[in-house]
Amino acid sequence: MNTPDDRNPLGKQPLPADAQRLEREWQAQERAMEQERRGVPLDPADPRLGEYRLIARALRTPAMEPVPFDLADQIVRRVEAAQTLGERVEGWLLRILIAVLAVVAVGAVALYGPGWASAFVALWPQPSAQATGWAGLLLGCLGLSLAWQKWGGRLLHHDHGHPA
């Protein structure tokens with residue numbers, strides 16, 4: 001735990017109060033290590049010594065085995081392999097429920113779709129002739145802009161093999 005140099009780095013000079021407290025701690029640690037080496041039974045009257053003995057015992061025991069490099073992969077494989085019957089049944093029930101809901105949605109659209117389509121068409125505003133003209137102009141400008149982005153830039157920046 002401690003080395004003799006840690007105990008009194010100033011040599012044999014008189015120790016101040018804080019240094020005396022450190023000296024007592026150092027002596028308690030050394031006593032705990034010695035008692036632990038000899039196998040002396042634990043003294044319940046000195047709990048601080050018991051704590052130091054516990055630390056000394058922990059320091060003497062070898063370190064744990066290192067964690068395997070692929071520990072996460074091992075855990076994932078184990079968890080996936082241990083899928084319970086309930087989890088598999090739950091997965092199949094969810095798939096069946098989704099299929100039933102899809103069939104019901106398709107059936108509802110097939111039965112009520114014509115009525116819905118006419119209701120949605122009625123919601124659209126009726127454009128005037130002037131609005132139709134402006135919408136056509138807007139769509140034409142958007143189309144030209146997209147065409148220019150796609151093909152027009154190539155025409156301007158196309159290298160025809162002429163030296164620069």
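pLDDT is the predictor's confidence in each residue, from 0 to 100. The views below come from a predicted model, in which local features need pLDDT of at least 70 and side-chain atom pairs count only at pLDDT 80 or more, while totals for chains, interfaces and linings use all residues. Residues are numbered from 1 along each chain as its sequence is written, and side-chain values use heavy atoms, with hydrogens and water left out.

View 1. The chain has 6 helices and 0 strands, where helices (H or I, at least four residues) and strands (E, at least two) are DSSP runs, numbered from the N terminus. The order of elements from the N terminus is accordingly α-α-α-α-α-α. Mean pLDDT for the chain is 82, and 84% of the residues score at least 70. Confidence is lowest in helix 1 (residues 4-7), with a mean of 53, and highest in helix 5 (residues 85-123), with 90. Where pLDDT is low, the predicted coordinates should not be read in detail. Of the 164 residues of the chain, 10% count as buried, a term that means under 20% relative accessible area, as against exposed at over 50% and partly exposed in between (1.4 Å probe, protein chains only). Among contacts (heavy atoms within 4.5 Å) between residues at least 6 apart in sequence, 28% join residues at least 24 apart.

**View 2. Helix 2 and the residue that follows it.** Helix 2 has 22 residues and reaches 32 Å from its first C-alpha to its last, close to the 32 Å expected at 1.5 Å a residue; the expected span is 1.5 Å times one less than the number of residues. Its buried residues include Glu23, Trp26, Ala32 and Glu36. Gln35, also in helix 2, counts as buried because its relative accessibility is 14%. Leaving aside residues up to four places away in sequence, Gln35 touches Val40, Leu49 and Arg53. Just after helix 2, Gly39 takes a positive phi of about 80 degrees.

**View 3. The buried face of helix 3.** Helix 3 (residues 47-60) has 14 residues and spans 20 Å from its first C-alpha to its last, close to the 20 Å expected at 1.5 Å a residue. Leu49, Gly50, Tyr52, Arg53 and Ala56 are buried in helix 3. Seen down the axis of helix 3, these buried residues fall within an arc of 160 degrees, so they line one face of the helix; the arc is that of the directions from the helix axis to the C-beta atoms. The buried residues of helix 3 pack against helix 2 (17-38). Gly50 counts as buried because its relative accessible area is 19%, and its C-alpha atom is separated by 9.8 Å from that of Gln29, 21 residues apart along the chain.

**View 4. The outward face of helix 3.** The face turned away from the buried side of helix 3 carries the exposed residues Pro47, Glu51 and Leu54. Leu54 counts as exposed because its relative accessibility is 54%. The C-alpha atoms of Leu54 and Ala32, 22 residues apart along the chain, are separated by 8.7 Å.

**View 5. A charge over a ring.** The charged end of Arg95 sits over the ring of Trp92, 4.9 Å from its centre; the criterion is NZ of Lys or CZ of Arg within 6 Å of the ring centre and within 35 degrees of the ring normal.
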